[in-house]
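Visitor: Please bring up the model, and let us discuss its organisation in a few questions.

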Amino acid sequence: MYHTGSFIKGQSLIYNLDPRVKLAATICLSVFILGVKPLTAFVIGSALLFATLASGIGLRTIGQALRPLLFFIVLIFLVHALFNEGDALIRIPFFGISLSYAGLQQGFFVVWRFLCLMIAAILLTMTTAPSQMIVAIKFFLKPLKLLRVPVDDIAVMIMLALRLMPILLTEKEKVETAQKARGYNLRKSGFSIRIKAFLSLALSVLTGVFRRADELALAMEARNYKRGERTSLVELKLTSSDYFVLIFLGFFLVIFVALNSHFG
Amino acid sequence: MIILEDVYYKYEPEGIDALRGVSLQMKEGEHLALIGPNGCGKTTLIRHLNALLMPTSGKVTVGGCSTNDPTHQADVRSLMGMVFQNPDNQMVGMTVEEDVAFGPENLRLPTPEIKKRVAEALIRVGIPDLACRNIENLSGGEKRLVAIAGVLAMQPHYIALDEPAAFLDPAATKRVLDIIDKLHSEGVGIIHITHNMAEAALTQRIVVMNEGRIYLDGTPQEIFGKVELLKQIGLQLPQITELLIQLKESGLPVRTDIVNMEDALEQIRSLAGKIKD
């Protein structure tokens, strides 16, 4: 089953990077891109494009992953393009809004930043196995242990959430099929019947998921699960390519801070 | 050794007893089938062996560790593995190796040891090639084998399996039963809940439960010899035994204490020889 942004098996330099390096790089780029000026944002976007090509994922796959976001992308663009106070290129009657050059420019820039954020996140999740990601998150949350934050439990919760997602979808499909098998034809039904059908679907899915979650908890207990510290199958080790990426990232950030403050 | 002494269990304080004075002993390396009608307490019983349930009264000991003692619970769960009826509801990891590693991770073993145990467990159940496969892309039979591997990675002395061949096609059923047989030959004690009498006939000992009590306990030959007692609680005989009984009722001189295919074939061949002569 394929889900938007889910891990795809593969081999490339980006795949082989330590998940901590990938996660740190993604967070750094994401924070940075929100604060930079247009020129810097375009350079970061180009670097992301290069990283996508180098990852072996392919632009088409990234495009497919972005497709569900198309509505939001268009919406963001229109809001900025139409509600910006600039010299109007086209006035839209009745609504008091106008399309301006400054609005178009801003809409394009905001969408570009949004796309950069999304591509960075998709690239991270597509090239990093969930188990590796969880270990990386656990690594970064480790200092919170000093504040008695249950870091190991959070890691297990993320793992279970990832595990339960396909179960939730399967449960929904099952209930829908059962409804159809008993002659439920929603296409020909009115609004109130559709609402009732949705409530009945939601209730059945929730009941099913709670039952399965209960059994899963029992199975975890049977396999000696207890809250608190656990070891892991995944062993994280920084290699020379990780160090290279970290140095490159640091260098990149310094250059962009300079670019942003002088030429942005 | 597993010892149950006069075990009673109620799911709710005011409810009825799900187990009523169950006493049972099982040696290490024994292969035991637990049969009985639905709701007779089979699943409740095996959940006591893994310390998932605690007796309302009585005592359960696994390998000398009492399940009532919280300090021994981890030991009990390492000694007694548990494979649930529905493998979909017991998979924790996203991939096969992640799921199999879940138990050893809980035992806080170092990473190299976890990797070693995962590899060994997958080899023992014959699916080393599935290590990196996504759980969602496995067949029902493969999921059962992953569930068994997940338990084996904890290196238990006993494994309790709740209807391990339920809903499987004949080929997958054979694969799962062959693995159970192999584990038994390696010295792992097996407790096998089943509604399939032919599966029960392959074990060394059958314990029949009814209404929360041990109803019968003996070898497959002894148990399936008590036809009337089994029919009283709605259980049937293995088809092969049923066939021999019907042949005997038709006047043919055959033994009816046979529960497996090889012995039955031997009987029929000798009968055919006698008829020829």
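Guide: This is a predicted model. In chain A, the centres of domain 1 and domain 2, taken over C-alpha atoms, are separated by 32 Å.

Visitor: Into which residue ranges is chain A divided as domain 1 and domain 2?

Guide: Domain 2 of chain A covers 151-227. Domain 1 of chain A is written as two segments, 1-146 + 237-264.

Visitor: How many residues does domain 1 of chain A give to the contact with domain 2 of chain A?

Guide: Domain 2 of chain A contributes seven residues to this contact. On the side of domain 1 of chain A, the classes are six nonpolar, no polar and three charged residues. The contribution of domain 1 of chain A is nine residues.

Visitor: What is the radius of gyration of chain A?

Guide: For a compact globule of 264 residues, a value near 18 Å would apply. The C-alpha atoms of chain A fill a box of roughly 60 × 60 × 40 Å along the principal axes, and buried residues make up 20% of the chain. The radius of gyration of chain A is 24 Å.

Visitor: Which helix of chain B gives the most residues to the side that touches chain A?

Guide: The contact joins 29 residues of chain B with 25 residues of chain A. On the chain B side, α2 (73-79), α3 (96-106) and α4 (111-124) each supply at least two residues. That side divides into 14 nonpolar, eight polar and seven charged residues. With seven residues, the one that gives the most is α3(B).

Methods. Residues are numbered from 1 along each chain as its sequence is written. Chains are lettered from A and ligands numbered from 1 in the order in which they are written. This is a predicted model: local features need pLDDT of at least 70, side-chain atom pairs count only at pLDDT 80 or more; totals for chains, interfaces and linings use all residues. Two residues are in contact if their C-beta atoms, placed from the backbone, lie within 7 Å. Helices (H or I, at least four residues) and strands (E, at least two) are DSSP runs, numbered from the N terminus. Ala, Val, Leu, Ile, Met, Phe, Trp, Tyr, Cys and Pro count as nonpolar, Asp, Glu, Lys and Arg as charged, and the others, Gly among them, as polar. Domain bounds come from an automatic or database domain assignment. The radius of gyration is taken over C-alpha atoms; the globule rule is 2.2 Å times the number of residues to the power 0.38. A residue is buried if 20 or more other C-beta atoms lie within 10 Å of its own, exposed if 12 or fewer, and partly exposed in between; C-beta atoms are placed from the backbone.
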